[in-house]
Number of protein chains: 2
Amino acid sequence: MIIGNPKEVGLNFDRFNFLLVIGTTDVSLIPGITVAGATPELTHFTPAADAEYLVKGRCEVIRGVPVTPNGIPTPALLTRASLSLTKGIVGVAVSGARVKPRSIPFIDLGGEPGKDIRKYSMDRQVVRQLLDKAVTLGEAMDVGSTLILAESIPGGTTTAMATLAALGYNSLGRMSSTSPQNPKSLKEGVVRLALRDLPQDTLGKLAKVSDPVLLALAGIAAGFKGKSVLAGGTQMVAAAAVLKELFGKRAVIATTKWILDDKSADMLGLASEVGVEVLASHVDLNRSRYEGLKFYERGYVKEGVGAGGAMLAALSSGFKEEEVLNRMDQEYELLIAKS
Amino acid sequence: MIIGNPKEVGLNFDRFNFLLVIGTTDVSLIPGITVAGATPELTHFTPAADAEYLVKGRCEVIRGVPVTPNGIPTPALLTRASLSLTKGIVGVAVSGARVKPRSIPFIDLGGEPGKDIRKYSMDRQVVRQLLDKAVTLGEAMDVGSTLILAESIPGGTTTAMATLAALGYNSLGRMSSTSPQNPKSLKEGVVRLALRDLPQDTLGKLAKVSDPVLLALAGIAAGFKGKSVLAGGTQMVAAAAVLKELFGKRAVIATTKWILDDKSADMLGLASEVGVEVLASHVDLNRSRYEGLKFYERGYVKEGVGAGGAMLAALSSGFKEEEVLNRMDQEYELLIAKS
């Protein structure tokens, strides 16, 4: 199911590049803030593992694939399955990651890993260079292909919340979460601490409270001359806000129905305040053969690694929901067979 | 002028990716072996500087742009000027470089810098991983676009000579050089030392005498499902030989007329022994307004950074030799204005 009309916003997926931007922040080490990894420490391996799994179907930086503490697999599974049906070209960019992929080539954007935003700031000069490189990368991408930009950065909804707040949006209490029990008060406490003594200028604000992936996404989208789509949840609203603030450019977001259904968040309200269009896609995982995937229908994980955008691309390319579902089940089967 | 028929070998440049693969070896530190840098030490900065200049028109890792000891500018100038006329997409991959670009994004292929092949070998495991990543990168490139693969690795004709010799070709005395005074006996002495105690297996041989750029080029070309062209001089014959040996795949080379005219080398003879087609392009730099460019017509530099392939792409896209020449003169003018 597709919610919204890709053609109406000028998107088509006859030819597209899918670029996963990965990075880490030390926010993800705060216990309870994210479930994008089996333990807080393992969250630093999740983005590199997501990237390896997306490209090769297996990980080298960790055993198995990234899972939540209760064993639900990374949304990269949905992304990989969906993209495997299409002719899309998959690439990975690393922007400020403590752990980098080992088994795959990737575009190195430099940057530094995001900080524990309660206490520390990224270096302003490094942030500026990262933005420059991201713009250069965007300029170098094929204008004849739609560019789907995706993310993997555990703790990313918290830095996104702080970023939106720093840019003047009322984001507290409105961001989604990988967990069905959105740890809102924990996140908001982190954001409130991060917002104290905020620099006056935009670059200083972003260095203090945002993360290297948000910045890279905004820069790449700014440099790209063709049609791009930010594939993700409420985090992508923050990327769109940075894109608007720094480059005066508008964005389109592709997300999942699971994000729109998230009662603990307000994706559409936030998007409307930033002035960004939202499309969503859905494959009914209640019909999956595997319990691990059915959890997605109960509010677990919801989005990440551009799952919504990848499903949108597959469904827009003429594949039926059932075909996409079958590929997801096959991918799940392969995981089980390997473990 | 185009020598050969691109269409006959299945090449068209309506849509293409130009990927510059850069790396270094410690061979370039041997005094006299290369002029791809103002001093032996600076040769390690040349590839990163070439990449930055190609993408952005200026370098960050060095002042100015790479020049020979007598001040002739890098062939990246010819490449940049030619590509600027086309719709080609330019990217950079780093494969075993001591110095990496600072101001641009690049694809990181890992690998380790090449050794002084007289004494040391690359690590076999690292070589294997590099080949794997290069294949993965090739698989990820747009099959609908022609892929032009270029190189910048000072001392590369020496490792290429050793590689061809190790694979059983009679390469001694037949490789070209950046210098009009091809330092043949120096190169051959290095190669003879490198070939002592050569391992029996292909991977071991390549780890001992080749370089990370040759390996990456072969791997990318192997993984790529569309049409690719190796853009360079006699080095690319070695890349083609590795491609044939490891992957059983044939290649097409695009070079310059300056290489074909090189009496100190035997590009066509070598290419025929390896079984690779050769195309060449030419823009008459005697008609340039600048002495620095006219030197190319006197056998200086000759090729590098895919200059021959880039000129071929521009000329094949319908641009006249004069238009390409004018863009080169403009680029030269910009260099002078900046310095």
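# Briefing: a predicted two-chain model

Chain B gives 16 residues to its contact with chain A, and chain A gives 16 residues in turn; two residues are in contact if their C-beta atoms, placed from the backbone, lie within 7 Å. The model is predicted: local features need pLDDT of at least 70, side-chain atom pairs count only at pLDDT 80 or more, and totals for chains, interfaces and linings use all residues. Residues are numbered from 1 along each chain as its sequence is written, while chains are lettered from A and ligands numbered from 1 in the order in which they are written.

**Interface, seen from chain B**

- Helix 1, strand 3 (89–94), strand 4 (106–108) and helix 3 of chain B each supply at least two residues of the side that touches chain A. Helices (H or I, at least four residues) and strands (E, at least two) are DSSP runs, numbered from the N terminus.
- Helix 3 of chain B brings the largest share of that side, four residues.
- By class, the side of chain B that touches chain A has 10 nonpolar, two polar and four charged residues. Ala, Val, Leu, Ile, Met, Phe, Trp, Tyr, Cys and Pro count as nonpolar, Asp, Glu, Lys and Arg as charged, and the others, Gly among them, as polar.
- Strand 4 (residues 106–108) of chain A runs antiparallel to strand 4 of chain B, joined by three bridges. Strands pair if DSSP finds at least two bridges between them.
- A:D108 has B:F106 as its bridge partner in strand 4 of chain B.

**Chain A overall**

- Chain A has 13 helices and eight strands.
- Its C-alpha atoms fill a box of roughly 50 × 40 × 40 Å along the principal axes.
- Of its 339 residues, 60% count as buried. Buried means that 20 or more other C-beta atoms, placed from the backbone, lie within 10 Å of the residue's own; exposed means 12 or fewer, and partly exposed lies in between.
- Of the contacts in chain A between residues at least 6 apart in sequence, 77% join residues at least 24 apart.

**Helix packing**

- In chain A, helix 4 (residues 156–166) and helix 6 (residues 202–209) pack at about 160°, with axes 9 Å apart. Axes are lines fitted to C-alpha atoms, for helices over the stretch in contact, and angles run from 0 to 180 degrees between N-to-C directions.
- These two helices of chain A are therefore roughly antiparallel. Angles over 145 degrees count as roughly antiparallel, under 35 as roughly parallel, 65 to 115 as roughly perpendicular and the rest as oblique.
- A:T159, A:A162, A:T163 and A:A166 of helix 4 meet A:K205, A:L206 and A:V209 of helix 6. That contact has four nonpolar, two polar and one charged residue.
- In chain B, the axes of helix 1 (residues 46–56) and helix 2 (residues 76–85) come within 9 Å and cross at roughly 25°. The pair is therefore roughly parallel.
- B:D50, B:Y53 and B:L54 of helix 1 make the contact with B:A76, B:T79 and B:R80 of helix 2.

**Buried sites in chain B**

- Helix 6 (residues 202–209) of chain B has B:K205, B:L206, B:A207, B:K208 and B:V209 as its buried residues. Their cover includes helices 3, 4, 5, 7 and 8 of chain B.
- B:V237 sits in helix 8 of chain B. B:V237 is buried, with 33 other C-beta atoms within 10 Å.
- Beyond neighbours within four places in sequence, B:V237 contacts B:L164, B:I253, B:L270, B:A271, B:V274 and B:V276.
- B:V237 and B:M161 are 76 residues apart along the chain, with their C-alpha atoms separated by 9.4 Å.
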